[in-house]
Amino acid sequence: MTVPTILALLIVVAFPLAFALYVSSHDYDLTEGGIGAFVGVENYARTIADELFANAARNTAILSVSVVALELVIALALSLLLNQPGLRFRNIYLAILLIPLLVSPIAVGLIWRLLLHADLGAVNWALGLIGLPGQEWLSGQATAMPAIIGVDVWHETSLMIVIILAGLTALPRDPIEAAAVDGANRWQALWTVTLPLLMPVLLVAVLIRMIAAMKTYDLIYILTRGGPGSATETISYSIWKNAFTTLDMGRSAAASFLLLVVILALTVVLVRAMRTGADA
Amino acid sequence: MANTTGNTMLRHALQRHINRRRLLQTSGAAGLALGSGVRLASGGAAQEEITFSRDFDGTTLNLLMEDLQETTIIEEMLPEFTELTGITVNFEKVGYGVMHEKLVPQLAAGPGNGTYDVLEVDFYWVYEFARSGWVEDLGQRIADSGGAVVLDRYIPATLDIVSQADGKTWYVPFYAYPMGLIYRDDLLNDEAFKAEFNEATGMELAIPDSVEGYVDLAKAITEWKGEELYGAAMTSQQVDPIVMEFCNFLYSAGGDYYDADLTAPTINDETAVKAAQLYVDCVNQAAQPGAASANYDDSIAVYSQGRAFSSVSFMWMLSVVDGDEEAVAQGKNKAVVMPGGTGLSGAWGWGIPVSSPNPDAGWEFVRWVESSDVARRRALAGSLPTQIAPYEDEEILAKYPWLPQAGDMITQGKGLPAVTKQTQLVEIVGRHLAEAVAGGATAQEGMHAAAAELAELL
C-alpha cells in the first residue's frame, strides 16, 4: 500500500510543485518559446521589488485580517446564540445561516454584483429609503475593498459557525455548570470558562479561514478585477494576471511560491494548534 | 529589442500606407461609395466554383468560440459543412473574459499537441500569437485555396487590424466589431425636445464633430435631465471595456498609445492626457451611476430602457437594442463614426494554430466559412461582415440599413498598436485609467504612470 501511495503523492503533489519551483528559477516567457536560461532567484527578487506585488500583498493582508476578524466575532456570537439550551427552531436557524456556504464563490460574486450595482442595486435602494446617498460600491477608491470584505464575510461566516458550533457542542458541561454553582453570571462563565476551553477550536477556525482568505481570487475577479486601479488586487489575482497578460511564467511561479511559503507557515501553526487542541 | 520592434513597426506602418492607397485606388475604380462617402474598396476577381475535399471525412474539429450572435449564426450552418466534407465541428462557446487564458496553454503546447484545430483570434491577440510562433503563416494556404479565400475580397482595414502582421498573413478576418457613437435619433429630431434642451442649456442639440463637443453635450444632457436621461450610457469596467471605450476618445482626439514609429509611448503627451481627462469627465459627469464598474449588459440596459441619449459602443449593441421587443429605445437609434473621426475598430479572424491536431481539416473549415456564399448568408443573418460584397448587397442593405455607417467605422477606425503583448497594454492602460476615474490619481498622473509601463512593452 505504501508504494502506490507515495507514487500517487509524487504525481499529484510533488511533481507540479517541483516543476513550478524549476520554472520560478528560469526565464520563461511564453511568447519566447520554451523554458529559457537559469536565473536563480532573480524572479523572486524582481517580484519582491515590484510595487504592484507589494500593493497586492498589502491588500491581501488587509482583506485576510479584516474578513477573519469580522467572521470570528459574528460566527462566535451566532454560535453562542444557537448553542443556548432549549432554543426552539435551532435547526431552521442553522439551515438558513448555512445557505451562503452552499453557494459557489462565482455565484456569490454575481449575486452581490447585482446587489451592489450603483444604479439598480438593492443596497443603494435600501440606503435611499433611509435618506442616505447611494455609493459606487465596486468602483470607488474608498468603497471597493470594504465591499469585498462585506461580501466575503456574508459568504464565509457560515463555515466559521459550523466549526465553532461543533466546538461548543463538544465542550464538557461540568466546568460551565460548576461556574454557575459558584455564582458566575453568563458573561463571567463565557469569559472565564467557555472561551478558554474553546480557544483551540477558535484558533483552528481562524487559521483555516486565514489560509483560504489569503488565496482569495474569485470574488476579486467577478466583482472588481482588482480595481479601481489596483485598489483590490490580491496576490492570487496578481499571479493570475501576470501569468495570462504578461505571460511571464517564471515570475508568476516565483510569486506563487512566495504565497505558498506564507501559507505553509500558517499551516504549520494550524497543525500545531490542532495537536494542542487534541491533547487538551 | 526596441530597435527591432521599431523597424518592424515601420514596415507595418508602410504596409498600412500601401493598403490605404490601394483602398482609394480600387474603390475609385469600382465607383463604390457607402454611407457618408467612405469607400471600402472593390470586390476583386469573379468567384470561381469552389469545391471542398472529403479527404477528412470522419474528422472532428474543436474550436473555442466567443458566445455571441456571430457564433450562433455559424453554428446553425455547420450541418451543411458536415454534409459537404464529412467533418464534424464542435464549438466550445465561452465568455470573452476566459478565452485568452484558455487558449494560451493550448497554443504553447507544441506542434499537434493542442486541443483546438482552428482559432478564433481577437484583434489584440494578433501580434502575440504570431510572434510567439503559435499560428501558421496562411500565405500559401490562401494562395492554394482555389478561390475560396481571396484577400482582395476583404475590407483592407480589416486586413490591417486582424490579418496581417510583420509582412505575413496569419489570419483571415471574419467578423468586424467597430465602435462608434450610437444615439437616440428620435430625440435628435424631436423639435420640442431640442427647443427645451436649448432653453435649459443654451446649447444646440446636434451630433458634435469633436470629442470635446461630445463630452460637453453628454454632460449638458445629464445636468439637465438627471436620472431621467443621462447624456451617455458608458461601459467603464476595468480592464477590457474601459480601454475599448477610451480608445474612441483617444484616437478621435488625435492621440495614440505610441508614436508612429513605435519607439516611445505618447499616452502621456498633451493630446492623450486631454483625451483621458475628457473620458474621466464623461464617466463622472455625464454617465449613469455605476458607469465606472459597468459592463456591456449594464450600459445596454440603461440605453435600452431609454435612460441615455447616447453610447460610445460596439455596433452590435445597435442590433441588441433594436432587436429587443421590450426596449424603450427599440428602433429609435442611429449610429455614426465617433465624433472626431476615428473610433476603435475591432475584428475577429480565423487562424490555424501550430498546435492544431488537424490543421488541414481546419483550413477546409476556413475555406468553407469564408467562401463568398457562406459569408453572404452569414451577413444576411446579422453578422457584421469583413468582406466587401455584403456592403453592396441590396438585400442585406435593406435588412440592415445601418451597414454603411458600420462600413465607415471600420474604414476610419483603428486597432491597437502593434506591440507583441497587446493584452498587457490593455491591462496597464485599464488599470491606470480606472484609478483616474475613481479619483485615485489625476488623468495626467495616470497617463504618466501608464507611459512608464508601456515603455517596457517596446
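Which residues in α2(B) meet which residues in α14(B)? I noted that Ile74(B), Phe81(B), Leu84(B) and Thr85(B) in α2(B) meet Glu364(B), Phe365(B), Trp368(B) and Val369(B) in α14(B), where contact is taken as C-beta atoms, placed from the backbone, within 7 Å. I sorted the residues of this contact into 6 nonpolar, 1 polar and 1 charged (Ala, Val, Leu, Ile, Met, Phe, Trp, Tyr, Cys and Pro count as nonpolar, Asp, Glu, Lys and Arg as charged, the others, Gly among them, as polar).

Before going on, I recorded that this is a predicted model, in which local features need pLDDT of at least 70 and side-chain atom pairs count only at pLDDT 80 or more, while totals for chains, interfaces and linings use all residues. Residues are numbered from 1 along each chain as its sequence is written, and chains are lettered from A and ligands numbered from 1 in the order in which they are written.

I then looked up the chain contact, and found 28 residues of chain B in contact with 23 residues of chain A. On the chain B side, α18(B) supplies the largest share, 8 residues, and that side divides into 8 nonpolar, 13 polar and 7 charged residues.

Last, I checked the domains of chain B, domain 1 (2-178 + 346-412) and domain 2 (180-344 + 424-455), with bounds from an automatic or database domain assignment. Their contact takes 19 residues from domain 1 of chain B and 18 residues from domain 2 of chain B. On the domain 1 side I found 11 nonpolar, 7 polar and 1 charged residues, and α1(B) gives the most to that side, with 6 residues (helices are DSSP runs of H or I, at least four residues, numbered from the N terminus).

Methods:
Contact = placed C-beta atoms within 7 Å. Helix = DSSP H or I, 4+ residues; strand = E, 2+ residues; numbered from the N terminus.
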